[in-house]
Amino acid sequence: MLYLTFDDGPDPRWTPSVLAVLAKHKAHATFFEVGVAARRSPDLVASVRKAGHGVGNHSMTHPSLTKLSAAGVASEISQADKFIGGSACMRPPYGAVNKSVRNQIAAEGKRMVLWDVDTNDWQLPGADVIASRVIEGAKPGAIVLMHDGGGKRSQTIAALDTVLTRLGTAGWRFERLPNC
Ligand SMILES: [Zn+2]
């Protein structure tokens with residue numbers, strides 16, 4: 001089992017393609033959505049959920065939470081929840097956390113979810129490199145970080161098809177994160 005996660009969407013240009021590739025392979029994933037993006041595309045938020053994927057909270061405006069007051073962190077989380085439809089999971093932008101942010105995420109009733117395999121797909125290293133990072137990083141139960149928003153994502157989408165084909169053939173399954 002591998003847990004694929006997609007951050008920074010939903011994005012009308014890329015998220016539908018990610019959903020289509022996942023559907024083609026009967027795979028499920030978890031989308032850590034940004035509140036402002038969800039506010040712009042409520043139809044996509046609904047599509048992600050309807051397809052059986054998990055939705056996590058990735059803040060309202062994608063700031064580094066370590067630079068905010070406790071009240072600011074609480075507001076980023078609770079505002080995003082309104083537009084993503086709520087979630088039990090929270091992924092802090094940039095993975096930036098400190099004790100105060102951890103406490104605030106817990107105080108908002110969220111489980112913090114980081115990742116095990118970072119594809120660095122946002123650096124656009126090429127679809128083959130992104131796919132190799134997932135395939136080489138595959139370990140039972142590993143959480144893989146990719147992006148369906150925040151920039152050009154055609155490489156990620158191509159890599160996703162390769163990963164699901166190759167690892168699917170090798171017997172891996174792809175599920176949404178439990179309790180998200
Ligand atoms: Zn992000």
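Modeller: The protein has seven helices and seven strands, where helices (H or I, at least four residues) and strands (E, at least two) are DSSP runs numbered from the N terminus. Their order from the N terminus is β-α-β-α-α-β-α-β-α-β-β-α-β-α. The radius of gyration is 15 Å, close to the 16 Å that the globule rule gives for 180 residues, so the protein is as compact as a globular protein of that length; the radius is taken over C-alpha atoms, and the rule is 2.2 Å times the number of residues to the power 0.38. This is a predicted model, in which local features need pLDDT of at least 70 and side-chain atom pairs count only at pLDDT 80 or more, while totals for chains, interfaces and linings use all residues. Residues are numbered from 1 along each chain as its sequence is written.

Along the principal axes, the C-alpha atoms fill a box of roughly 45 × 30 × 30 Å. Of the 180 residues, 44% are buried; a residue is buried if 20 or more other C-beta atoms lie within 10 Å of its own, exposed if 12 or fewer, and partly exposed in between, with C-beta atoms placed from the backbone. Two residues are in contact if their C-beta atoms, placed from the backbone, lie within 7 Å. Among contacts between residues at least 6 apart in sequence, 79% join residues at least 24 apart.

Now the helix pair. Two packed helices are described by the angle between their axes and the distance between the axes. Helix α6 (residues 127–137) and helix α7 (residues 154–169) have axes that come within 8 Å and cross at roughly 40°. Such axes are lines fitted to C-alpha atoms, for helices over the stretch in contact, and angles run from 0 to 180 degrees between N-to-C directions. That angle makes α6 oblique to α7, given that angles under 35 degrees count as roughly parallel, over 145 as roughly antiparallel, 65 to 115 as roughly perpendicular and the rest as oblique.

On the α6 side, the contact is made by A127, I130, A131, V134 and I135, which meet Q155, T156, A158, A159, T162, V163, R166 and L167 in α7. These residues divide into nine nonpolar, three polar and one charged. Here Ala, Val, Leu, Ile, Met, Phe, Trp, Tyr, Cys and Pro count as nonpolar, Asp, Glu, Lys and Arg as charged, and the others, Gly among them, as polar.

Elsewhere, I77 lies in helix α4 and counts as buried, with 24 C-beta neighbours inside 10 Å. Leaving aside neighbours within four places in sequence, I77 is in contact with N57, S59, M90, I105, E108 and K110. The C-alpha atoms of I77 and R133 are separated by 30 Å, and the two residues are 56 apart along the chain.

A few backbone details remain. Most residues other than glycine have a negative phi, and most peptide bonds are trans. The peptide bond from G9 to P10 is cis, with omega near 0°, and P10 is found in the loop between β1 (3–7) and α1 (15–24). N179, in the segment after α7, has a positive phi of about 65° although it is not a glycine. N179 is exposed, with 10 other C-beta atoms within 10 Å.
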